[in-house]
There are 2 protein chains.
Amino acid sequence: MDSLGDTIRKLREDKELPLRTVAAFLDIDQAILSKIERGQRKPTREQVVKLAEYFKVKENDLLVAWLSDKLVYEVEDEDMALKALQLAEEKVKYMAKNKGK
Amino acid sequence: MDSLGDTIRKLREDKELPLRTVAAFLDIDQAILSKIERGQRKPTREQVVKLAEYFKVKENDLLVAWLSDKLVYEVEDEDMALKALQLAEEKVKYMAKNKGK
DNA sequence: TATAAATTTGACAAATTATGTCAAAATACA
DNA sequence: TGTATTTTGACATAATTTGTCAAATTTATA
């Protein structure tokens, strides 16, 4: 089960690119990209979009991984994590069904 | 499908208490409690715990509602909301299974 | 080994978001 | 009406996020 950071690192290493290069494209210091890849920092939505473009992967796949990482971060060290996620799921489904109302 | 705000408002109105009173117990301005009840502000974890104590309801029930509200807030206006929630769920389950490793 | 490239670390700064106060406006109702 | 309650919005403060920078560490290779 890869985190988004793992995925990004693999994409970068497959192309044998240094942090410096990809970080320059994202317009951030390489230190941040290093931390992102190792899960010490969360990328912004914009950075994820840019990464998808850069590595030519589906934007949505990366965004789903990014969002789910944020959710996990939000519930971690809460023992009711699962219940909260499931309830949130119900709420989202409910809202989708009654969208706009 | 009640939000946490709805629940709190009902609890307060059942006891016919003004915002002022409950807000004083929480040690915040009544304006904030008003916004919390109507979903314009998110309460802090500590406030939720205090509310559970104040209204004599299960702390965990309120916390699950609070956490799930935060999750919904996090994914709202993302069309991959459901997918992200489901993936997050898998990750949490995976982490629980391999906890500590 | 040595030295150059790449990565990681941690202290700090800047920007953003969260949380709160306050007073005035709006609403409910005796 | 007048009084209590609630809501609104401008603003201040606190906390968190996002970033830079330089030094330390690790990795690769001449």
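The legends below describe close-up views of a predicted model with chains A and B.

In this predicted model, local features need pLDDT of at least 70 and side-chain atom pairs count only at pLDDT 80 or more, while totals for chains, interfaces and linings use all residues. Residues are numbered from 1 along each chain as its sequence is written, chains are lettered from A and ligands numbered from 1 in the order in which they are written, and side-chain values use heavy atoms, with hydrogens and water left out.

**View 1. Helix H5 of chain A, residues 59-75.**
Helices are DSSP runs of H or I with at least four residues, numbered from the N terminus. H5(A) has 17 residues and reaches 25 Å from its first C-alpha to its last, close to the 24 Å expected at 1.5 Å a residue; the expected span is 1.5 Å times one less than the number of residues. Buried residues in H5(A) include A:Leu62, A:Leu63, A:Trp66, A:Leu67, A:Lys70 and A:Leu71. Here buried means under 20% relative accessible area, exposed means over 50%, and partly exposed lies in between (1.4 Å probe, protein chains only). Within chain A, the buried residues of H5(A) pack against helix H1 (4-14), helix H4 (45-55) and helix H6 (81-97). From chain B, helix H5 (59-75) and helix H6 (81-97) also pack against them. A:Asp77, which follows H5(A), has a positive phi, near 55°.

**View 2. The contact between chain B and chain A.**
Each side is represented by its own residues: 33 from chain B and 33 from chain A. Contact means heavy atoms within 4.5 Å. About 3,200 Å² is buried between chain B and chain A, and carbon and sulfur atoms give 74% of that area. Buried area is the accessible area (1.4 Å probe) that two parts lose on being put together, summed over both. On the chain B side, B:Met1, B:Glu74 and B:Lys91 lose the most area to chain A, together 19% of what that side buries.

**View 3. Polar and charged pairs between chain B and chain A.**
There are 6 salt bridges between chain B and chain A, a salt bridge being a side-chain nitrogen of Lys or Arg within 4 Å of a carboxyl oxygen of Asp or Glu. One salt bridge joins A:Lys91 to B:Asp69, with the closest N and O atoms 2.5 Å apart. The count of residue pairs in polar contact between chain B and chain A is 8, with both residues at pLDDT 80 or more. A polar contact is a pair of N or O atoms within 3.5 Å; within protein, one must be able to donate a hydrogen and the other to accept it, and residues adjacent in sequence count only if both atoms are side-chain atoms. On the side of chain B that touches chain A, H5 and H6 of chain B each supply at least two residues. H6(B) gives the most to that side, with 15 residues.

**View 4. A:Glu78 in the loop between H5 and H6 of chain A.**
A:Glu78 has a relative accessible area of 12% and is therefore buried. Apart from its neighbours within four places in sequence, A:Glu78 is in contact with B:Arg45, B:Trp66 and B:Leu67. With B:Arg45, the side chain of A:Glu78 makes a side-chain polar contact of 2.8 Å.

**View 5. The salt-bridge network of A:Arg9, A:Arg12 and A:Glu37.**
The side chains of A:Glu37 and A:Arg9 meet in a salt bridge of 2.6 Å, N to O. Because A:Glu37 lies in helix H3 (residues 30-37) and A:Arg9 in helix H1 of chain A, the pair ties together parts that are 28 residues apart in sequence. A:Glu37 is buried at 2% relative accessibility, whereas A:Arg9 is partly exposed at 23%. A second salt bridge joins A:Glu37 to A:Arg12, with the closest N and O atoms 2.7 Å apart.

**View 6. B:Arg9 and B:Glu37 in chain B.**
B:Arg9 and B:Glu37 form a salt bridge whose closest N and O atoms are 2.5 Å apart. B:Arg9 lies in helix H1 (residues 4-14) and B:Glu37 in helix H3 (residues 30-37) of chain B, so the pair ties together parts 28 residues apart in sequence. B:Arg9 is partly exposed at 22% relative accessibility, and B:Glu37 is buried at 3%.
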